[in-house]
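Trainee: Could you walk me through this model by asking what each term rests on? I'd like to see how a value gets turned into a word.

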Amino acid sequence: MKLTSHSSFNFRNIEEAHIEPHPEMNIIYGENGQGKTNLIESVWMLTGFYSFRARKNIQLIKDSASEAVIESSFYSNGREQTAKLTIGQKKELILNGVKEDSPRAMMGSFYSVVFSPSTLGIVKDGPGERRKMLDIALSLMKPNYALAMSRYLRVIEQRNALLRKFGQESFNRDYIFDPWDEELVKIGSKIIRYRLDYIEQFSDLSADIYNGISSGREKFDFYYSFSKENISDDEIKEKLKAEIEKNREADARQMYTGKGPHTHDLIISINDKDARTYASQGQQRSAALAMKLGEASIIEKTTGECPIVLLDDVMSELDEGRQNFILNYLNNWQVFITCCDPANLMRSTKGKIFEVKEGKIQEI
């Protein structure tokens with residue numbers, strides 16, 4: 001897929017901007033605080049997900065404005081498409097001239113992968129960041145996964161409400177919690193199946209990319225905490241059921257559901273050591289980048305669409321060899337790279353360069 005035109009109005013510090021991107025390389029440069037990240041953030045919003053920097057709509061709207069608007073044209077699924085996203089108290093989407101119920105309608109139409117400084121959290125932060133990465137990646141490719149996660153979280157919310165109400169009372173709780181536990185196992189096992197199948201592809205691709213980034217000097221690996229090996233659907237159900245039943249007493253004391261896919265993790269290692277604890281900052285950055293590029297590659301393999309790759313402030317932290325590997329890997333993809341000094345990236349012979357200054361964007 002390719003983004004062919006992109007306009008932003010009152011989006012953060014961008015009052016009005018319009019670009020017609022190159023189908024491959026787009027370098028966005030300027031001093032810090034001028035709006036480079038705001039531009040690629042506005043592109044990311046077209047995926048239908050929350051911003052990778054903010055959860056509240058008000059944070060995305062320019063001061064003194066009542067709403068922000070993003071309008072784009074893109075080629076996807078074999079045809080030209082248009083999207084208009086209005087961000088006010090809520091988000092409203094018009095896709096190909098039709099008003100949609102939710103921005104999530106963009107899933108399956110617009111594919112993008114973003115790497116920003118906060119992406120390091122998938123390696124160095126807690127399990128929630130890694131689950132979030134899995135959930136977004138799978139939802140982009142598998143709308144049914146997003147539906148399953150939504151249903152699962154509703155069941156968790158309802159079960160937790162019952163735990164707060166009845167969990168510490170001294171009576172037989174089975175008749176209250178059995179139906180909810182059965183539903184947790186039913187939906188949760190489907191989520192685990194999706195994740196295991198995805199990780200089976202994801203780990204091999206990301207390991208190959210990391211091998212290239214590190215020039216073969218380091219070994220990178222990860223696996224899903226629920227099961228290191230692939231297991232059958234029946235085995236998933238039995239194992240998940242046993243976990244939930246075993247944890248019932250602890251759930252009653254804590255008044256919280258402590259087992260299930262909402263607590264699982266990806267265990268990441270470099271040279272067979274926990275990357276979160278033992279990896280250097282450079283190794284963590286390379287690992288996170290390998291995982292995001294692996295995510296992009298799986299989207300391409302699964303959907304036939306090359307996602308738009310958004311790299312925010314990545315290249316300045318990498319030596320020339322690692323930069324060259326990444327640029328060669330992304331050859332023929334549409335890429336947006338932000339930087340303060342484009343000199344090192346100008347060795348790319350094809351593409352466009354945009355300067356951002358005080359929220360204004362100009363092609364150089």
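Trainee: Which residue is the bridge partner of phenylalanine 115 in β12?

Mentor: Leucine 311 is the partner of phenylalanine 115. Before we go on, this is a predicted model, where local features need pLDDT of at least 70 and side-chain atom pairs count only at pLDDT 80 or more, while totals for chains, interfaces and linings use all residues. Residues are numbered from 1 along each chain as its sequence is written, and side-chain values use heavy atoms, with hydrogens and water left out.

Trainee: What makes β8 and β12 a pair?

Mentor: Two strands pair if DSSP finds at least two bridges between them. Strand β8 (residues 112-115) is joined to β12 by 4 bridges, and the two run parallel, so they pass the cut-off. A strand is itself a DSSP run (E, at least two residues), a helix is a run of H or I with at least four, and both are numbered from the N terminus.

Trainee: Why is β12 called largely enclosed?

Mentor: Buried means under 20% relative accessible area, exposed means over 50%, and partly exposed is in between, using a 1.4 Å probe and protein chains only. In β12, 5 of the 5 residues are buried, so the rest of the structure largely encloses it. Both faces are covered, with Ile308, Leu310 and Asp312 on one side and Val309 and Leu311 on the other.

Trainee: Which strand pairs with β12 over 4 bridges in the parallel sense?

Mentor: That's β13, and there leucine 311 stands opposite isoleucine 337. Strand β3 (residues 25-29) also runs parallel to β13, with 5 bridges; asparagine 26 has phenylalanine 336 as its bridge partner.

Trainee: How do you know that β13 is enclosed?

Mentor: Count its residues: 5 of the 5 in β13 (residues 335-339) are buried, so it is largely enclosed too. Val335, Ile337 and Cys339 cover one side, Phe336 and Thr338 the other.

Trainee: What makes β9 and β11 edge strands?

Mentor: Start with the open sheet, which has 3 strands in the order β9-β10-β11 with antiparallel pairing. β9 (220-224) and β11 (273-274) each pair on one side only, which makes them the edges. Between β9 and β10 (residues 266-270) there are 5 bridges, and phenylalanine 222 stands opposite isoleucine 268. In general, strands of a sheet pair through backbone hydrogen bonds, either parallel or antiparallel.

Trainee: How do you know what span to expect for helix α6?

Mentor: The expected span is 1.5 Å times one less than the number of residues. α6 (residues 233-246) has 14 residues and reaches 20 Å from first C-alpha to last, close to the expected 20 Å.

Trainee: Which residues of α6 are buried, and why are they said to be on the same side?

Mentor: Ile236, Leu240 and Ile244 are the buried ones. They cover an arc of only 55 degrees around the axis, which puts them on the same side of α6; the arc is taken from the directions from the helix axis to the C-beta atoms. Asp234, Glu238 and Lys246, on the other side, are exposed.

Trainee: And what makes something a pocket?

Mentor: On a 1 Å grid over the protein atoms alone, a cavity is a set of points where a 1.4 Å probe fits but cannot get out, whereas a pocket is an open set with protein on both sides within 12 Å along at least five of seven lines; lining residues have an atom within 4 Å of a point. The largest pocket holds about 890 Å³, a volume being the space filled by probe spheres set on the points, which are joined across faces, edges and corners. It has 32 lining residues, with Phe49, Arg55, Lys132, Asp135 and Ile136 nearest its centre.

Trainee: Which element gives the largest share of that lining?

Mentor: α3 does, with 9 residues.
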